[in-house]
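Subject: Structure for you to look at, with notes

Dear colleague,

I am passing on the structure we spoke about, and I would be glad if you could read the notes below with the coordinates open beside them.

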Amino acid sequence: MEIKHHSKWFNVQSVPQCYTFSPEERPGKVPISICKKIPVIDLGKSLVSSSQKMETIKQLLQAGQQFGFFQVINHGIPENVVTQTMSTFKEFFNMADEQKINVPASKGWIYTGSEDEVKNGVHLWRDNIKHPCHPLEKCMQGWPEKPASYREVVGTYVAEIRKLSLTILELICQGLGIESGYFDEISQVQLLSANNYPACPDPSLTLGILKHLDPSLITIIYQGNVSGLQVLVDGQWICVGALPNAFVVNIGNQLEIISNGKLRTEMENLTPDCCYRHIAFPLNQSLRWKLQLGLEH
C-alpha cells in the first residue's frame, strides 16, 4: 500500500490557484477508467520454446502498432530490487527540502521541487530528481550521497533495467527483421527521472506531467501500486492500471523512426491520486549519442 505523504507544500484542503491548470489542460471531473485492453505480455514465455518466443514477438509488435505501449510481467527483475528502489526513492523524497534543493552545480543530478516545476505559468503537482546513468559506474559517483543506500540500490536497479531493455529490443529486432544484437552497442539507459506525486485534494484541477512524447527508443516505467499514467490512443485518453511487479513500456520516437512507423509512439500524461502518494521512476533506453536531458517524466 502506498503511504500518504507528509510534506508541506501539498498539505492543503484545496488545490492552490498556482497549481490549477486551465480548463483546456486540466483532467476534468469525468473520470478516465482503467483500460482493460492494454496488452500485458509475459516475457518469461519467450524462454520456453521457439514457438512461444515467436508468439511473444508477435504480441510485442501488435502492442507497439495498436497502442504504442504495453506492460510486461515475468521480466526477470527480482521483486526485492524493485521494492528496495521504491523504498530508497521514498526516503529521498521524505528528506528535508534544504537537503535536496541545495545541489551544487558540479553534482551529477538535478532536483526540482513543485515550486520549481512551472509549466505555462502553473506548477506541476510533483517533485522530481533526474540524473544520467551512462556510463553507469562513472555516473554513480555523482549521484546523491543521501540516503546512504541510494547509489548502490539505484545502480543495481539501473543495471537490471538495462538488461530488460535489451531483451525487449532484441525481440522487437527479430520481429522487424533487424539483425540480432543491433541495439546492444548503440543504445544505453541514458537517464533516470524519479517523480513524487503527493496525494491531491482535487486531481481534476492539476497535473503531475503535461502531455508529451518520449524521445527515446523505449521508456520503462514502474508505477508501483497506484495508477495515474494516461496515454492518448486514437484521440482518447486511457488509464494504465498498476499491476503488481509489472513494468509499463512506452515506444519512443527513436524506435518509431527506426521501425519506419510500424511501431508508434503515443502522447502521455499523469494525474495525481486523491488519496495516496504515487512514486514513479521511468528509465529511458536511447541511442548512445542522444543523451536525453530535461524529459517530461
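The notes below take up the helices and then the aromatic pairs.

Please keep in mind throughout that this is a predicted model.

H5 is followed by Gly 177, whose phi is positive, near 80°.

Helix H2, residues 79-94, has 16 residues that should span 22 Å at 1.5 Å a residue, and here the end C-alpha atoms are 23 Å apart, again in agreement. Its buried residues are Val 81, Val 82, Thr 85, Met 86, Thr 88, Phe 89, Lys 90, Phe 92 and Phe 93. Asn 94, which also lies in H2, is partly exposed, with a relative accessible area of 41%. Between the C-alpha atoms of Asn 94 and Gly 108, which are 14 residues apart along the chain, the separation is 20 Å.

Two packed helices are described by the angle between their axes and the distance between the axes. For H2 and H5, the axes come within 9 Å and cross at roughly 135°. That angle makes H2 oblique to H5, and the crossing is left-handed. On the H2 side the contacts involve Val 81, Val 82, Gln 84, Thr 85, Thr 88, Phe 89 and Phe 92, which meet Tyr 150, Val 153, Val 154, Thr 156, Tyr 157 and Glu 160 in H5.

H5 also packs with helix H1, residues 50-66, where the axes come within 9 Å and cross at roughly 90°. H1 and H5 are therefore roughly perpendicular to each other. The residues of H1 that take part are Lys 53, Thr 56, Ile 57, Leu 60 and Leu 61, and their partners in H5 are Ile 168, Leu 171, Ile 172, Gln 174, Gly 175 and Leu 176.

Turning to the aromatic side chains, a search of the whole structure finds 17 aromatic pairs. One of them joins Tyr 19 and Trp 125, an edge-to-face pair with 5.2 Å from centre to centre and 75° between the planes. Because Tyr 19 lies in the segment before strand S1 (40-42) and Trp 125 in the loop between strand S5 (122-123) and strand S6 (127-132), the pair ties together parts that are 106 residues apart in sequence. Tyr 19 and Trp 125 are both buried.

The rings of Tyr 157 and Phe 281 likewise have their centres 5.2 Å apart and their planes at 75°, so this pair is edge-to-face.

Finally, ring pairs link Phe 89, Phe 92, Phe 93, Trp 109, Tyr 111, Trp 143, Tyr 150, Tyr 157, Tyr 222, Phe 247 and Phe 281 into a cluster.

Technical notes:
Residues are numbered from 1 along each chain as its sequence is written. This is a predicted model: local features need pLDDT of at least 70, side-chain atom pairs count only at pLDDT 80 or more; totals for chains, interfaces and linings use all residues. Side-chain values use heavy atoms; hydrogens and water are left out. Rings of Phe, Tyr and Trp (its six-membered ring) pair if their centres lie within 6.5 Å; planes under 30 degrees apart count as stacked, over 60 as edge-to-face and the rest as tilted. Helices (H or I, at least four residues) and strands (E, at least two) are DSSP runs, numbered from the N terminus. Buried means under 20% relative accessible area, exposed over 50%, partly exposed in between (1.4 Å probe, protein chains only). The expected span of a helix is 1.5 Å times one less than its number of residues. Axes are lines fitted to C-alpha atoms, for helices over the stretch in contact, and angles run from 0 to 180 degrees between N-to-C directions. Angles under 35 degrees count as roughly parallel, over 145 as roughly antiparallel, 65 to 115 as roughly perpendicular and the rest as oblique. A crossing is left-handed if the near helix is turned anticlockwise from the far one by less than a right angle, and right-handed if clockwise. Contact means heavy atoms within 4.5 Å.
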